Each structure stands twice: as structure tokens, then as C-alpha cells.
Amino acid sequence: MPVVVDIDVMMARRKMSVGELAERIGITPTNLAVLKNGRAKAVRFTTLDALCEVLECQPGDLLRWEAESAD
């Protein structure tokens, strides 16, 4: 998948656990794990907004696009 999720990078920079972040943004740790591992099919803007607020970052710090390599 060309969209890469870097939530774990921002969590590490903030020294924050999955459980703490999930609690602060109001979703379950399981749903946060699905999102941060790139297995989510979609993300709500309210969730993205909460992530950015809690992690003090921009959406581009959490999501980026990479072109697929032509093998």
C-alpha cells in the first residue's frame, strides 16, 4: 500500500504507549493498533484531528504517500 502510517514514529518521539494514546484520543487500543499498523481502510477526520492534537503534530507527520516500486 502506497500510504504509509507513521503514528508509531510520533508515539516514540513523545514517549507514549498505545494504551495512553488510545485513551487520550478516545478509541480502543485495538483500533489504534489497526490504524498504526496500516491495516485500516479509512480514518475519520475527528480521529486524525485528535491524533494531531495529542501528538502535537501535523497530518503529514502521521501519513505519507510512497510510490510503489515497479519490479
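Me: Buried means under 20% relative accessible area, exposed over 50% and partly exposed in between, with a 1.4 Å probe and protein chains only. By that scale, is glutamate 20 buried, partly exposed or exposed?

Reply: Happy to start there. This is a predicted model, where local features need pLDDT of at least 70, side-chain atom pairs count only at pLDDT 80 or more, and totals for chains, interfaces and linings use all residues. Residues are numbered from 1 along each chain as its sequence is written, and side-chain values use heavy atoms, leaving out hydrogens and water. Glutamate 20 has a relative accessibility of 36%, so the class is partly exposed.

Me: Which residue forms a salt bridge with glutamate 20?

Reply: A salt bridge here is a side-chain nitrogen of Lys or Arg within 4 Å of a carboxyl oxygen of Asp or Glu. For glutamate 20, the closest N and O atoms of the pair are 3.7 Å apart. Both residues lie in helix H2 (residues 18-25), 4 residues apart, about one turn of the helix. The partner of glutamate 20 is arginine 24.

Me: How many residues apart are arginine 64 and aspartate 6, whose side chains meet in a salt bridge?

Reply: The N to O distance in this salt bridge is 2.6 Å. The pair links distant parts of the chain, with arginine 64 in strand S2 (residues 63-65) and aspartate 6 in the loop between strand S1 (3-5) and helix H1 (7-14). Helices (H or I, at least four residues) and strands (E, at least two) are DSSP runs, numbered from the N terminus.

Me: Which residues do salt bridges with shared partners join into one network?

Reply: Arginine 64 also forms a salt bridge with glutamate 66, the closest N and O atoms being 2.2 Å apart. Shared partners make one network of Asp6, Arg64 and Glu66.

Me: How many disulfides are there?

Reply: A disulfide is a pair of cysteine sulfur atoms within 2.5 Å, so that distance is the test to apply. By this rule, the count is 0.

Me: How far from the sulfur of cysteine 52 is the nearest cysteine sulfur?

Reply: Cysteine 52 is buried, with a relative accessible area of 12%. Cysteine 57 is buried too, at 9%. Cysteine 52 is in no disulfide, and its nearest cysteine sulfur belongs to cysteine 57, at a distance of 4.4 Å.
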